[in-house]
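Q: I have a model open and want to go through it piece by piece. Can you take questions as they come?

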Amino acid sequence: MKQSSGTLKSALWGLLLVTSLCAHADRAAPTLVYSWPVNAGPLDPRGYAPDQMYAQAMVYEPLVRYTAAGTVEPWLASSWHVSDDGKTYTFTLRDGVRFSDGTPFDAAAAKANLDAVLANSKRHRWLELVTTLERVEAPDRRTLQLFLKHPYYPTLMELAQVRPLRFGAPLAKPGEPVGTGPWQRVESRLGEFDRFTRNPYYWGAQPAYGEVLVKVIPDPNSRALALQTGQIDLIQGAAGEITASTFVRLRDQGFASALSAPLATRSLAINTGRGATRDLAVRRAINHGLNKQAIIDNILYGLEPRADTLFAPNLPYADLGLAPYAYDPALAARELDAAGWQLVPGASVRSKGGEPLAVELVFLGTSALQKSLAEVFQGELAKLGMQISLRAVEEGALVSRQREGDFGMIFADTWGAPYDPHSFVSSMRYPGHADYMAQRGLAIKDQLDQRITKVLASTDPQQRAEQYRFILTTLHEQAVYVPISYLTAISLRRDVVDHVQFGSTLFDVPFEAMTPSQEH
Amino acid sequence: MLRYILLRLLLLVPVMLAVSLLVFVLLHLGSTDPALDYLRLSHIPPTDAAVAEVRQALGLDLPLYQQYWIWLCKALQLDFGISYLTGRPVLDDLLYYLPATLQLGGLALACTLLFAVPLGLLAARWQGRWPDHAVRAVTFIGVSMPNFWLAFLLIALFSLWLGWLPALGRGSPGQLVMPVLAIALMSMSINARLLRASLLEASGQRHVTYARARGLPERRVWRGHILRNAWLPLVTATGMHVGELIGGALVIETIFAWPGVGRFAVSAVLNRDFPVMQCFTLLLTGLLMLCNLLVDICYAWLDPRSRLQGVDA
């Protein structure tokens, strides 16, 4: 007994020595300091709030990865094959991949993860693939098969999402994030920071940074000050990390800056089923009556490209060459006149058959940006004889109003890559979404919904493109949306960081590609 | 005296119950649905099915009275539920963050007293002369300046321009200086002005004139007859400032990325994290009531009249 206790003690000392050496080796490598408003969370591969998606994307990897071109590329799966009926996906898994605890990633581990999603499908059914997936098989160590109930073309796109279809070590203890990604979370101090170090078993190239320290800084102004005082090295993201004015100020002070390609669309949804906006002429007049470029230059500091269509042309099936609604108040006024919305002498608001041309614009009261935009819209459209009443609401109330269709116009951005266009379009079929509620007044709503169902099940790319052309053209011609600008991710860094890149979605930050500057 | 303290402690129970009921009802009267907030934070589209699922998981589908009863039964066993935001037990989270806030608040209170008393004395002792004018000018600025603005000015001066102090975070003594100053300045200024006014009022009392007429040395007059009476309003104000200091911590902790309970509560409010808001309100109520009790005990110690009243009660 005494001897075994001595052996145990020696083993523990040995383990401690090795651990401290490893820790020292990691600490010796450079550290990238980033910030986020909250802690990363417990980091369950299938977890939602409080798990943060940027951190899940660091630790867990998908079978296929979404690219900036809107396509997918091999990742944990080195190749795949789709059956002719579009119902069976067979993946060949990359060889030599290990989880950060050293256990192998194989088809059994992948199946265990996907089975866990299916076992809790109620929680994950918001993702169409989860409701479409019938079963998962692992015929051998490197082959994984997904059997669908019916063909679903965005299968690969949805497999690329940050959650819930990525892979954690099946035997990892709850609260211990073990993935195959380039990083592993080694320390988390609530309210202070999360520390990530390199995954020693990573199958790809090891990151240049030894660790990423993510400090918890909730306030955007404090985050900017932290960059200025050197307490963090990098500000990057598309979730309002800092305001546009602060971005411009820091850029002008000499901090290296960058803007990503369009990742989503900042837009207004117009209610076709209620009030004056039932009239197509009114919706078209709203689109023609807003000087978007001036709004972008003056309110968004020119940081976002003007949006002329609901989806940016760099997204799949979205480059349709649709004619933009040009800024033309005179044309807008003529169309309103022609539709019977007359401005009687002495009045400031048009009316038709006694009904005033009044529209309620709902915006998020806590967003200074939405408030500014709403006020400009109000002023611009007043010149056309429209009475826009502004309604500031809380975030939860905004979602409630979107769900209930309780709006004339409402801010409703698209979901961004990799959800656009397929998931976003898919949601248009379900009552309770802002888009469904906005479109329900259209005479061809049923037909639109049928086309959306068809496009998602389509196995022929040609046919799919035709269906998308019909859907997006109809929405554009019916002026259901006012696309304002394409949302971009921002990046500001101190000169200690090089090779800063953007992820291909709204949610990931590719720290593994970044390198310490040679001058430092 | 002991009986009085016990009675006051017992009074905590009905007050806490009433506050818990009031807060619970007020939180649920709002137009927002925490299930929608949860889905928004999770980047899950709020379909009817998803909303129903989350409402059921969070217990929001039950009638309000039932929700309150369940909450109360658990709260009596110190189980205040799970935070919607962090997924951890609420009490664990609040107790985790509380020491950092107590450190900040305690130091701010100490600073308040450490500076307010000498400044008030200085101004009253040399009333109408330059020390009085200087103190009044400084405290006027202190009272008028919002703490969040002061916080950013301090960071700009000491971190950005001079580079003397770290702008954010917790860990080193240097990281305490600016948040403590930002929280304490207003209370310090109010207390200094209050003490000045109180000292001047006390020094004009007839018993002070009589003491001087008896030929007592000026120092003894001040110590025995003026200061003793002037302390009382300061004690009351200090008790009230504990609430202000915690209120100040809500904003200041967010600006300085200070991992305290104030910042945690702000994020709970912004995201409609009902269990945290409920527990935080109760914690604050208990803390303020205990502070008031402490003030009353100090009062009784300083003023025999209130001690006798307390005994009579």
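Predicted model: local features only at pLDDT ≥ 70, side-chain atom pairs only at ≥ 80, totals over all residues.

Q: OK, using that, what does Ala151(B) touch, leaving out residues up to four places away in sequence?
A: Ala151(B) touches Met178(B), Ala182(B), Ile252(B), Ile255(B) and Phe256(B).

Q: Which core residues have the most contacts inside the largest nonpolar core?
A: Ala151(B) is one of them, and Ile183(B) is another from chain B. From chain A the list has Leu32(A), Leu268(A), Ala269(A), Ile270(A) and Ile410(A). The core has 210 residues.

Q: And which element gives the most to this core?
A: α5(B), with 13 residues.

Q: What is the secondary structure of chain B?
A: Chain B has 13 helices and 0 strands. Its C-alpha atoms fill a box of roughly 85 × 60 × 30 Å along the principal axes.

Q: How much of chain B is buried?
A: 36% of its 313 residues count as buried. As for sequence separation, take the contacts in chain B between residues at least 6 apart: 71% of them join residues at least 24 apart.

Q: Pick α11(B). Which of its residues are buried?
A: Val261(B), Gly262(B), Arg263(B), Phe264(B), Ala265(B) and Ala268(B). The cover over these buried residues includes α5, α10 and α12 (274–302) of chain B.

Q: What about the backbone just after α11(B)?
A: Arg272(B) takes a positive phi there, about 55 degrees.

Q: Now chain A. What is its average pLDDT?
A: Chain A averages 90, and 94% of the residues score at least 70.

Q: On to sheets. What is the order of the 5 strands in the open sheet with mixed pairing?
A: In chain A, the order is β17-β16-β18-β13-β19. β17 (387–393) and β19 (481–487) of chain A stand at the edges with a single partner strand each, so one side of each is left without a neighbour in the sheet. Neighbouring strands are turned by 20 degrees against each other on average, direction ignored.

Q: How do β13 and β19(A) pair, parallel or antiparallel?
A: β13 (residues 264–270) of chain A pairs with β19(A) in the antiparallel sense over 6 bridges. Ser267(A) stands opposite Pro483(A) in β19(A).

Q: Which strands does helix α13 of chain A lie across?
A: Helix α13 (residues 395–404) lies across β16 (358–364), β17 and β18 (409–411) of chain A, and runs at about 135 degrees to β16(A).

Q: And the open sheet of 4 strands, what is its order?
A: β4-β5-β7-β6 in chain A, with antiparallel pairing. The edges are β4 (77–82) and β6 (133–140) of chain A; each has a single partner strand, so one side of each is left without a neighbour in the sheet. The twist averages 20 degrees from one strand to the next.

Q: What packs on that sheet?
A: Helix α3 (residues 107–119) of chain A, which touches β5, β6 and β7 (143–148) of chain A. Its direction makes about 165 degrees with that of β6(A).

Q: Last one. What pairs with β10 of chain A in the parallel sense?
A: Strand β1 (residues 31–36) of chain A, over 6 bridges with β10 (residues 211–216). Val214(A) in β10(A) is the bridge partner of Tyr34(A). β9 (residues 193–198) of chain A pairs with β10(A) in the antiparallel sense over 5 bridges, and Phe196(A) stands opposite Val212(A).

Conventions: Residues numbered from 1 in each chain as written. Chains lettered and ligands numbered in written order. pLDDT = per-residue confidence, 0-100. Pairing = 2+ DSSP bridges. Helix = DSSP H or I, 4+ residues; strand = E, 2+ residues; numbered from the N terminus. Axes fitted to C-alpha atoms, helices over the stretch in contact; angles between N-to-C directions. Contact = placed C-beta atoms within 7 Å. Core = buried A, V, L, I, M, F, W, Y, C linked by C-beta atoms within 7 Å. Buried ≥ 20, exposed ≤ 12 C-beta atoms within 10 Å, placed from the backbone.
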